[in-house]
Amino acid sequence: MVGVALVFSASAAWSFPWSIDMYRGAAVQPLSRAPRVMPDDTMPVNRGEPPMSLEQMTIKMQNPLKPTPENLAHGKALFNNNCAPCHGENALGDGPVAHLLHDPPKNLVSGTSKDLPDGYIYGAIRDGILLMPSYDDAMSAHERWDVVMYVRSLQQAGAAAAKTAAK
Ligand code: HEC
């Protein structure tokens, strides 16, 4: 019995209480040290796209996709979910919540965007404009181009309808 107590007390100096061994390590808290700061121009942002202003996107961004029926259908679904509440299903700027906005959503069919490059519409979606929200995180680049092509198809349909009406 004494022997047992001796063994116990001899080891106690370095191991008792053994139940807190896990506390003794160096405490490393998540993010207690700042993450590595990336040198300029090395960290991809916006899903691999370079940071660009709307002006830069208008000039530089080129639509890499084709207006296939699949892409247009996808663009239509995205447009109806995300854009139609403000811009309206036909993109005339007359969506159901348009009246709540201080500055009304633009008419995308007859407005300035019809005469501007694809990159302008793409940039408007990616960065938002004034009261229009940014769809930077909410849509992938592919999805944004699908919406651009769908908006173009509405503009073409609008132009065709205007021509017929003028006859
Ligand atoms: C919360 C309402 C709202 C939603 C949702 C919205 N927009 Fe807008 N949008 C606006 C407003 C308001 C403007 C006008 C901004 C201004 O005053 O320049 C605008 C402007 C634009 C313009 C520029 C038009 C021009 O003539 O300069 C484009 C293109 C556009 N929106 C496309 C879209 C697309 C595509 C979506 C969906 C992905 C979308 N918007 C979703 C409110 C909205």
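**Around the ligand**

Colleague: Which residues come nearest to the ligand?

Modeller: Of the 22 residues around the ligand, those that come nearest are Cys83, Cys86, His87, Tyr120 and Met132, where near asks for a heavy atom within 4 Å. This is a predicted model, in which local features need pLDDT of at least 70 and side-chain atom pairs count only at pLDDT 80 or more, while totals for chains, interfaces and linings use all residues. Residues are numbered from 1 along each chain as its sequence is written, and side-chain values use heavy atoms, with hydrogens and water left out.

Colleague: How does the shell around the ligand divide into nonpolar, polar and charged?

Modeller: The shell has 16 nonpolar, four polar and two charged residues, with Cys, Tyr and Met among the nonpolar kinds and Gly counted as polar.

Colleague: Which polar side-chain atoms lie 2.8 Å from an atom of the ligand?

Modeller: One belongs to His87, which lies 2.8 Å from a ligand nitrogen atom, and another belongs to Thr112, at 2.8 Å from a ligand oxygen atom. A polar side-chain atom of Lys106 lies 3.3 Å from an oxygen atom of the ligand.

Colleague: Switching to His87, is it buried or exposed?

Modeller: His87 is buried, with a relative accessible area of 10%, buried being under 20% with a 1.4 Å probe and protein chains only, and exposed being over 50%.

Colleague: And what does the side chain of His87 reach at 2.8 Å?

Modeller: The side chain of His87 reaches the backbone oxygen of Lys106 at that distance.

Terms used
A polar contact is a pair of N or O atoms within 3.5 Å; within protein, one must be able to donate a hydrogen and the other to accept it, and residues adjacent in sequence count only if both atoms are side-chain atoms.
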